[in-house]
Amino acid sequence: MTLPVLLRQNSEPERVRALQQLGVLNTNTSDYFDRVTTLAKTLFDVSGAYISLLDSDRQWIKSAVGYCPPNTDRDKTFCQYTIAQASVLVIEDTLRDPRFAGNPLVAGPQGVRFYAGAPLVTQDGYAIGALCLIDQRTRPLAASDQERLATLAGLVMAHITLGRAVGHVDAVSGMPNKYQLADDLGAAAALAPGAQRVLVDLAMPDAARAFEIIRVMGAAVHDQLVREVGARLQQLFADRAQVYHLGDTRFALLSRDADSDAFIDYLYGLDAALQTPLTSLNIPLVLPGFGGIVRVALDADSAADAPRQAAAAVNQALSAQQRWSLYSDSEDAHQQRAFRLLHDVRRAIADGEFELVYQPKHDLPGGACHGAEALLRWHHRELGAISPAEFIPLIETTALIGPLSDWVINTAIAQLGAWHAAGHLVKVALNLSAWNFEEPDLVDRLAAACRQHRVDPRYVEIECTEGVWMESADILATLHRIRALGMGLALDDFGTGYSNFAYLQKVPATVVKVDQSLIRHVHTSPRDQRIVRSLIALARELDYQVVAEGVETAQSLALIREWGCDVAQGFHFSKPLGAGAFIDYLVRHQHGADNTS
Ligand code: C2E
Ligand code: MG
Ligand code: MG
């Protein structure tokens, strides 16, 4: 019998890796393999037939019929001798072969007297196990029967390879993929319930860097790097973990070691090895690597949830820009809640869970109230009240801020129309996020809402936080068009983040809102006093209207009034109010506030 390619005999670690890559170890038997062993037993009329896979230290029986040796240590197996040679091994009488005579199965009560094995050889020439026959009597095996046994072994191998290829192998790396990982976790949980494993989700490099590599060097180089990273991981974790390729530049490691702490220590010690430059390209490349680690106590539920937990942990590592991050329940709960909120936004808009509340704004120095800032509230049907400080930062990094802001625009302007129709000529400021200004039809929608609700756009002010995003030509054009409609434009949270005065010349803002973090302690902090005073002076010098937000005390109010601030807003006057309560408030304060002193 000729084997597909020459058997590679000299590299045991590679042979073991080839076996592990096939992902058949620890998996349940299947009908197909059982039929092959049954056929072999009948065909050759022996007391037992089995498929044995030989791991680095033990034998794993994939399928067996009749009498079969147990899963034992590798050095007690018969098939170690089969895989060591390039052809069918026949031991007609085990007692006459010194390699077999001392074996407990031969010498012991089982009294195995005959053995024949045909190696299972991978396409790369690694013998990973054998299809074996045993009998309790001595007997020969004719050359034609040896040929048949080898043919059956070839079928077994073809089935293993095919089973792997269909859906369980990554096309780029040829490594087991996430489906194989799920299978293996499930099988491990079934085989060793309660056992400890460590699952690591590894991004190497991270998606942004991978994209840059594709952009600069092309997809082929990227794939080559991915294969090289995969090979490096297999080499680093040869005996310690099974390596999976989850897709793109994401890999997973599932520890074999029962000692989770030792495995994690090993991971933490890998910095230098991971940082060794990859060499397959002409330029040596050092790739950043980020790993999310989760300890798994094997059972069906943990096996199913572990990959998601590891992904949550690697996300954590990526956002903290640290090499390793250990999965934590509370961080996971946090991320799950964020995901839940994002998932629920559209439904919540449709179900009317959002509300606008209005925080009064008072003109200075007199104190009359002529306007309000519209602030969003989310009354989630299950999670209760959620602060915009929590949900806006999540939503505004996604396209969901589009429909949500649309709702805010229409609700606020409709409310304004109703107030105007009732004779209350109030001004309303609404908040938009940076992303909104990239929507090409934003200005048209603002104009349409004003037309529909018969609102003069001069009664509408748009608040947005300042930032470098404003400096793009398209955004500046949008800001100018908002101004051309007649709407005001306020720079929110001024004085905290970007605050580059040079760009103020370009941005057509009308209002500067000094951030509440500067206002809140202004009555006690001499430093804040100096900052706020200069900010107000400078903004006025540049012809901006100045609004102070977060005015909580009469003392702060007195100071900002003295420095020439135009408008004040804060808990000292009122918390944000529902639409009805706000109009009552307005009626009481439109000629001045009792609490402006
Ligand atoms: P912001 O636009 O700077 O709004 C001012 C925030 O300060 C509001 O918080 C308001 O309730 C709070 N505040 C007002 N006066 C005081 C005070 O005297 N003391 C203190 N401690 N806080 C005061 P809120 O309503 O929780 O909103 C937080 C942020 O969420 C807003 O900051 C804004 O950036 C964002 N946001 C709110 N509504 C919307 C919206 O409709 N669209 C967008 N894109 N963002 C919104
Ligand atoms: Mg605001
Ligand atoms: Mg603000």
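Predicted model: local features only at pLDDT ≥ 70, side-chain atom pairs only at ≥ 80, totals over all residues.
Local features require pLDDT of at least 70 and side-chain atom pairs count only at pLDDT 80 or more, whereas totals for chains, interfaces and linings use all residues. Residues are numbered from 1 along each chain as written, chains are lettered from A and ligands numbered from 1 in the order written, and side-chain values use heavy atoms, without hydrogens or water.

Donors are N, O and S atoms within 2.8 Å of the metal (3.2 Å for Na, K and Ca); water is not among the atoms, so sites may look incomplete. Asp492 belongs to strand E16 (residues 488–494) and Glu549 to strand E18 (residues 545–549), so the pair ties together parts 57 residues apart in sequence; strands are DSSP runs of at least two residues, and helices of at least four, numbered from the N terminus. Asp492 is buried at 7% relative accessibility, and Glu549 is buried at 6%, where buried denotes under 20% relative accessible area (1.4 Å probe, protein chains only). Asp492 also bridges the magnesium ion (ligand 3) and the magnesium ion (ligand 2), which lie 4.3 Å apart.

Ligand 1 is surrounded by 23 residues, Asp492 being one of the closest; a residue is near if one of its heavy atoms lies within 4 Å. Strand E12 (369–380), helix H14 (388–395) and E16 each supply at least two residues of this shell, and E12 gives the most, with four.

Definitions and conventions
Buried < 20%, exposed > 50% of the residue type's maximum accessible area, 1.4 Å probe, protein only.
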